[in-house]
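Visitor: I would like to learn how to read the features of a model like this one. Please put it in view and take them in turn.

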Amino acid sequence: MRKPVIAGNWKMYKSLSEGLETALALKPLVANANHCEVVVAPVFTAIKTIADRLEGSNVHVSGQDCSTEIEEGAHTGEVAAFMLRDVGCKYVIVGHSERRQLYAETDSMVNRKTHAGISGGLTVIMCVGESLAQRDQGIAENVVSGQLQGGLRGLTAPDLDRIIVAYEPVWAIGTGRTATPEQAQEMHAFIRRVFAEGHSTEAAEKLRILYGGSVKPENIAGLMKQPDIDGALVGGASLRAESFAKIVNYK
Ligand code: PEP
């Protein structure tokens with residue numbers, strides 16, 4: 001049985017006090033959510049304070065990104081995965097489409113971040129997803145399999161337990177336009193097949209694949225009914241504790 005993961009990506013929103021307020025409001029609202037892992041990803045500067053205040057609860061903390069570098073060193077502006085772990089993170093998101101589009105991240109950088117996240121003791125939520133133009137050209141599967149193979153290159157069998165894939169079609173992120181449960185299911189099943197071919201059927205059966213793209217309290221249940229959808233990566237609707245809690249408590 002794959003335990004679902006519902007993760008909130010707060011992006012570059014919320015000051016420390018706003019983030020803390022949201023996290024503390026969320027905590028009691030999801031305290032009985034034993035059916036899934038609950039994760040929030042605040043900005044770097046709020047992680048330590050929020051992680052400290054959530055300690056012992058069922059809400060875990062994620063970084064939104066990490067350095068490609070594993071070791072500390074002269075890399076101005078970067079934060080290493082082990083440093084995220086040091087301040088209370090259990091997860092890190094890598095390869096988000098905003099990082100790929102706005103900061104020119106390549107599959108090879110995503111791959112280095114994935115390795116860095118695992119060596120830093122984190123579970124890596126690796127994002128993949130096609131643009132609308134790519135979907136319209138009929139190359140969505142090629143794009144996603146390329147991102148998957150490129151991002152996961154060189155991982156060993158034990159590393160795979162530390163990998164979660166988030167399928168986030170770029171055309172559905174922040175647009176209010178969600179993939180239908182059937183569209184998402186089709187790509188999730190494809191991702192699991194590609195993962196099985198690249199690694200093993202057992203590893204593919206264990207892999208959690210999250211859907212992301214305009215997930216809301218109104219559409220989460222339909223998505224979660226699909227056999228290959230193992231949770232959600234939520235942007236906008238995770239910014240308010242009440243709406244994120246409704247998504248977490250979709251059952
Ligand atoms: C995201 O940023 O990962 C995301 C899925 O955003 P939204 O839910 O707002 O579409």
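Visitor: By class, what residues does the lining of the largest cavity have?

Guide: Sort the lining residues into three classes: Ala, Val, Leu, Ile, Met, Phe, Trp, Tyr, Cys and Pro are nonpolar, Asp, Glu, Lys and Arg are charged, and the others, Gly among them, are polar. Here the lining of the largest cavity has 3 nonpolar, 4 polar and 2 charged residues. This is a predicted model, in which local features need pLDDT of at least 70 and side-chain atom pairs count only at pLDDT 80 or more, while totals for chains, interfaces and linings use all residues. Residues are numbered from 1 along each chain as its sequence is written, and side-chain values use heavy atoms, with hydrogens and water left out.

Visitor: Which residues line the largest cavity?

Guide: First, the terms. On a 1 Å grid over the protein atoms alone, a cavity is a set of points where a 1.4 Å probe fits but cannot get out; a pocket is an open set with protein on both sides within 12 Å along at least five of seven lines; and lining residues have an atom within 4 Å of a point. Points are joined across faces, edges and corners, and volume is the space filled by probe spheres set on them. The structure holds 1 cavity of 30 Å³ or more, and the largest cavity contains about 30 Å³ of space. Its lining is made of Gly95, Ser97, Arg100, Cys127, Val128, Gly129, Gln147, Glu168 and Ile173. The elements giving two or more residues to that lining are H4 and E5. Such labels follow DSSP runs numbered from the N terminus: helices (H or I) have at least four residues, strands (E) at least two.

Visitor: What volume has the largest pocket?

Guide: About 580 Å³. It is lined by 22 residues, and those closest to its centre are Lys11, Met12, Gln64, Arg99 and Tyr103. Helix H2 (44-54), helix H4 (97-102) and helix H5 (107-119) each give two or more residues to the lining; H4 gives the most, with 3 residues. By class there are 10 nonpolar, 5 polar and 7 charged lining residues.

Visitor: Which strands does E5 join through bridges?

Guide: Two strands pair if DSSP finds at least two bridges between them. E5 (residues 123-128) runs parallel to E4, with 4 bridges joining them. Tyr91 has Thr123 as its bridge partner, and Val92 has Val124. E5 is also parallel to E6 (residues 163-167), over 5 bridges, where Val128 stands opposite Tyr167.

Visitor: And what does E4 make with E3 and helix H3?

Guide: A right-handed β-α-β unit, in which H3 covers residues 81-86. Right-handed means that, with the strands pointing away from the viewer, the path from the first strand over the helix to the second runs clockwise. E3 (residues 59-63) and E4 pair in the parallel sense over 3 bridges, and Gly63 stands opposite Val92. E4 (residues 89-94) is mostly covered, with 5 of its 6 residues buried.

Visitor: Where does Lys14 lie, and what is its phi?

Guide: Most residues other than glycine have a negative phi. Lys14, in the loop between E1 (5-9) and H1 (16-29), has a positive phi near 85°. Its relative accessible area of 21% makes Lys14 partly exposed. The side chains of Lys14 and Thr22 are joined by a polar contact of 2.9 Å. Such a contact is a pair of N or O atoms within 3.5 Å; within protein, one must be able to donate a hydrogen and the other to accept it, and residues adjacent in sequence count only if both atoms are side-chain atoms. Thr22 lies in H1 and counts as buried at 9% relative accessibility.

Visitor: Is Ala104 buried or exposed?

Guide: Exposed, with a relative accessible area of 56%. Ala104 lies in the loop between H4 and H5, and its phi is positive too, near 55°.

Notes: Buried < 20%, exposed > 50% of the residue type's maximum accessible area, 1.4 Å probe, protein only.
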